[in-house]
Amino acid sequence: MSTKENQMRKFGLGRSTCGEEVLTEAHFKEYANAGVEALEISFPLRLCDGLDLPEIKRYADAYGISLWSYHLPFHGPMDMAAKEAEIRTQAIAYFMELIGKASDIGIPLFVLHPGKEPCPEDPVGRAEAMKRSMDSLAQMAEGAA
């Protein structure tokens, strides 16, 4: 067995949905045929509320694909480092809701952008944004535990 084949066995082959508009059974069939073993789901914010995660889980199970992680949305108004406390609070609550729904179907890992770009370029503004982001992440970690 070549080194590359051995690495493929050890690590498997994964894919991210990278903001696809839909995720159908046909996608899972294609992924399975291509050897994909694990999938990170990632959808635009405008689609997250309408996701049928139990259906996605059924497709994944039917085709032997692990739902490895959920890349939380990072476009739109959700900003964990926003200056406005109300925006941060809404973002945290929304992300926690998505984490809860995804956890219910067994997704164990979550990818999150801790703020929006562009971040303030001045050192003080960037440091303040980083602190707000760390505070938001600490709240989410507590809730996710």
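Partly exposed means a relative accessible area between the buried limit, under 20%, and the exposed limit, over 50%. Keep that in mind on this tour of a predicted model.

**Stop 1: helix α5**

Select residues 85–104, which form helix α5. Now pick Glu97. Is Glu97 buried or partly exposed? Its relative accessible area is 38%, so Glu97 is partly exposed.

Side chains of opposite charge can pair when their charged atoms come close.

**Stop 2: helix α4**

Go to residues 53–62, helix α4. Show Lys57 and Asp61. Their side chains meet in a salt bridge, 3.1 Å from N to O. Lys57 is partly exposed at 28%, and Asp61 is partly exposed at 48%.

**Stop 3: helix α6**

Move to residues 123–144, helix α6. Select Lys131 and Asp135. They lie four residues apart, about one turn of the helix. Their salt bridge brings the closest N and O atoms to 3.0 Å. Asp135 has 38% relative accessibility; Lys131 has 48%.

How many salt bridges does the whole structure hold? A search finds three.

**Stop 4: the cavity**

The volume of the largest cavity is about 30 Å³. Select its lining: Pro73, Phe74, Met78, Phe95, His113, Gly115 and Lys116. Color these by type: four are nonpolar, two polar and one charged.

Key: Residues are numbered from 1 along each chain as its sequence is written. This is a predicted model: local features need pLDDT of at least 70, side-chain atom pairs count only at pLDDT 80 or more; totals for chains, interfaces and linings use all residues. Side-chain values use heavy atoms; hydrogens and water are left out. On a 1 Å grid over the protein atoms alone, a cavity is a set of points where a 1.4 Å probe fits but cannot get out, and a pocket is an open set with protein on both sides within 12 Å along at least five of seven lines; lining residues have an atom within 4 Å of a point. Grid points are joined across faces, edges and corners, and a volume is the space filled by probe spheres set on the points. Ala, Val, Leu, Ile, Met, Phe, Trp, Tyr, Cys and Pro count as nonpolar, Asp, Glu, Lys and Arg as charged, and the others, Gly among them, as polar. A salt bridge is a side-chain nitrogen of Lys or Arg within 4 Å of a carboxyl oxygen of Asp or Glu. Helices (H or I, at least four residues) and strands (E, at least two) are DSSP runs, numbered from the N terminus. Buried means under 20% relative accessible area, exposed over 50%, partly exposed in between (1.4 Å probe, protein chains only).
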